[in-house]
Each structure stands twice: as structure tokens, then as C-alpha cells.
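Me: I have a new structure to look at. Can you walk me through it?

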Amino acid sequence: MGLHLSAGGHLANQRRLLSDFMQLEYLLAEARTAFEQHYGQAPRWIAGAPGRVNLIGEHTDYNDGYVFPMALERYTVVLGVPRHDPRVRIISLADPHPLEVSLDKPLEPRSKGFWGNYPLGVMAGFLERGYRVPGLNLLIHSSVPLGGGVSSSAALEVAMATLLEAAMAVRLEPVEKALLCQQAEHRYAGMPCGIMDQFIAVLAQPGHALLLDCRSRCFQQVPMLDSDVTVLVINTQVRHTLTGSEYPTRRRQCEEAARIMKLPALRDATLADLESARSRLDPTVYRRARHVIGEIQRTLEAAEAFRDGNWLRAGELMYASHASLRDDYEVSCRELDVVVEAARAIGPDAGVYGCRMTGGGFGGCAVALVRTAAVSEVQQRLARAYWQQTGREAVMFVSRPGRGAWVIHGA
Ligand code: ADP
Ligand code: MG
């Protein structure tokens, strides 16, 4: 187990904890002040839920495979007080338009892209399950970047669900709660997402990443207690809009490969199965399947490496994941490749163990595993390389594994 209790590591850990604590305290202080300004009283309940980054296991979820996300120390918080009428008002400090809902009528989704659809969908999920949602005045504030590929949407849904639990003095079973939130995103935001984001936002434990089986929904908390290692998220600040058919096409290609191999999903295939079927597969379909089958294997191996604190091995698997996404699955882009190559050029001796694109691809974020003591030096070097090669600024932040949803006040 890679738990180093050297004096230096311990001090660094204490400093880090202090600053995380202050970050959340700062977010809460701003949120409380805004709440009192808007509603003229202090909140009775406060709930929070984290954003996330997927460490490895990309495009495996819809193939019934494994994913390996980690909660970020970036949170969405929801503050609330009861109202005396059957209405819910929600203000987000990130958007000028509040959500106003009457609980007397069925809850219909509003216009596409409206942020209020997420909490609306969560309330609808509770009503559908027979809970009586009370009248509420709510306010939302967040340190999770919105639309930046670290799942501010699941953080919002899960924080909202947690606030409702507190306000109704009920507790959903955690998996049920994650599924309710996923359904909210499907039905009210029109986004057919997998289960990863809501599961990690509900289930995360501090100091642990989550190995999640997207078929059985079984999961394991994988300790990542070594405070000498930190996760660095690098946002390329680009999002290439291609034709929009990339995602459905990839899914179809995966289904085709499984069908030709006569298997329920690519989860059930080995690389040997794939090789024996190669002559029957279109060459592109073959490469897509090779990514998925290899990635599922890498994800399981990476979880072991994290558990063992074998950061060099974990890093190699991250680089291999990136190469496979770039060459076989073809969902990377130049900006992501520049970040990953710059990380590789820095190397483990100067503090970078591994790096890969994370999320669906074609832009968004990369994730790197970095020695905590080298974080600021690494950030500077990556920023410089990215700027020199793309003329763009990368936005970065570091995180250790954060915590899952909780009632911060008023439990
Ligand atoms: P991601 O989940 O990667 O951040 P999404 O497009 O899935 O990106 O979700 C982003 C959307 O979620 C935002 O455009 C907004 O509608 C909604 N959202 C998330 N957090 C908040 C928030 N704190 N306040 C208002 N809307 C939010
Ligand atoms: Mg999202």
C-alpha cells in the first residue's frame, strides 16, 4: 500500500487539507451570504455533491465494461428553507434565470438547455416514487466548472436530491438515488448519459477512487491514500463540434463487433476472440473493438496499480489508454495529444507519471497523475508547452479524491 508517512508528506498533506477545507468554506460563505440576501433568512438545510474526473475506462460504459472515476474536491451546494405554499423557487448563482415551479401541476421539462431542467427532473423523480416534495426556496452555488467535462450536471442533480432528502427527512438507497438522478438527466435534460457520473457523485469516499462495473452496477472503493500523488485536470478549452454522429456511430460499431462475435457485449470478448473474428470484421470496426476490449483490461489493471500505489504502472496504463483512444477509437484531437505528449516529455523523474484524455473526446479535458511536490512546476511546464503549440491557454486544477454527496447542515 502506497501510504507514505514521511514527515514531508504529512506536512504537505496537512497544508493541502487546510486549503481544501478553506475552498469549501469559502464557497459556503458566499452561498450563505447570497441566500440571506435573496431570502432574508439563514438556510435550514445545506447539501453538497462533487464533480468528477474519469481516471481510466473511456467509452467502456456502453459496452458493459468498467470505469474508474474519482470525485473532485469541487462541489455544488444547494441551500434551502421551507415555504408555506406548494411552490419551489431555485436560484443558481451561475445563471440569471431562476426556476419557479408549482407542485400542484405535473412537472414538465422546460426549454432545451435551461439549467432548471436538472433539478426539475430530480423533483419529478421523487414525486414519481411517491414522496411529497414540500414547498422550498433554494439557492445553488458551485465550484465545479460548468460544461467543462467534469460533470457539473451530475453534481447539480445529486446535490439537489440530497437537499430533498434532508428536507423530507428520508434517505434513498444510494444506488436508487444515483439512478433517479441519471433518469432526471435522460428525461428532463435530454442527455442519454451512462451511470458513472451520478454513481461517483453519490458514492465517493474521500481518499478513494471508484471502480464501477457498468453491467452489474457493482462497485469497489479503491484506496488512493498516498498524498504524494495528486490528480491534475487540464482543460484544453476546445470542443470540436464534428458532425454529431460520432458517438452513435461508435456505439453501433461496438454493437456490430459484439454481434459478429456472437457475444452480448464487448465486455464479454477477449483479445483472442477478436483476433479469431478479425477476417469477419470491417477493419474500422475491428479497431474500435480492440480499443474497448483493451481499455476494459487496462481499467482493471489500473485499479490494481492505484491500490498498490504503483504509480509508474498506473501512468503507463494511462498513456496506453490515450494511444488507443487516439489511434483505434479516433476520438482524440490535436490539443489533447499536445497535452499528453507534453506530459510524457516531462516524465516521471520530473513528476508526471501518466496522462490521458478523459471524457468523450474531441476536446475537453486531459487528466494527469502528478507527484504532489512537483505540481506547480508541472503545471507551468504544461501551460507553456500547450501555449507554444496551440496558441491557447489551458485551464488546470489539482485535486485529491473528494467526497460523495452529504448533508452539510440540517441533517
Ligand atoms: P458537465 O456536466 O460536463 O459540466 P453538461 O453539459 O453535462 O456538462 O452540464 C452542464 C449544464 O448543467 C450547464 O449548462 C447547466 O445547464 C447545468 N448546471 C450545472 N451546474 C450548474 C449550476 N451550478 N447552476 C446552474 N446550472 C448548472
Ligand atoms: Mg454532464
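Me: Which residues of α9 are buried?
Reply: In α9, the buried ones are Trp311, Ala314, Gly315, Leu317, Met318, Tyr319, Ser321, His322, Ser324 and Leu325. Buried means under 20% relative accessible area, exposed over 50%, and partly exposed in between (1.4 Å probe, protein chains only). This is a predicted model, where local features need pLDDT of at least 70 and side-chain atom pairs count only at pLDDT 80 or more, while totals for chains, interfaces and linings use all residues. Residues are numbered from 1 along each chain as its sequence is written, and side-chain values use heavy atoms, leaving out hydrogens and water.

Me: What do the buried residues of α9 pack against?
Reply: They pack against β1 (45-56), β8 (229-239), α8 (283-308), α10 (334-346), β9 (352-358) and β10 (363-371). Contact means heavy atoms within 4.5 Å. Helices (H or I, at least four residues) and strands (E, at least two) are DSSP runs, numbered from the N terminus.

Me: Switching topic, how many salt bridges are there?
Reply: The count is 23, taking a salt bridge as a side-chain nitrogen of Lys or Arg within 4 Å of a carboxyl oxygen of Asp or Glu.

Me: Which residue does Arg356 meet in a salt bridge?
Reply: Glu295, at 3.8 Å, N to O. Arg356 lies in strand β9 and Glu295 in helix α8, so the pair ties together parts 61 residues apart in sequence.

Me: Is Arg356 buried or exposed?
Reply: Arg356 counts as buried, at 0% relative accessibility. Glu295 is also buried, at 0%. Salt bridges with shared partners join Glu58, Glu295, Arg298 and Arg356 into one network.

Terms used. Chains are lettered from A and ligands numbered from 1 in the order in which they are written.
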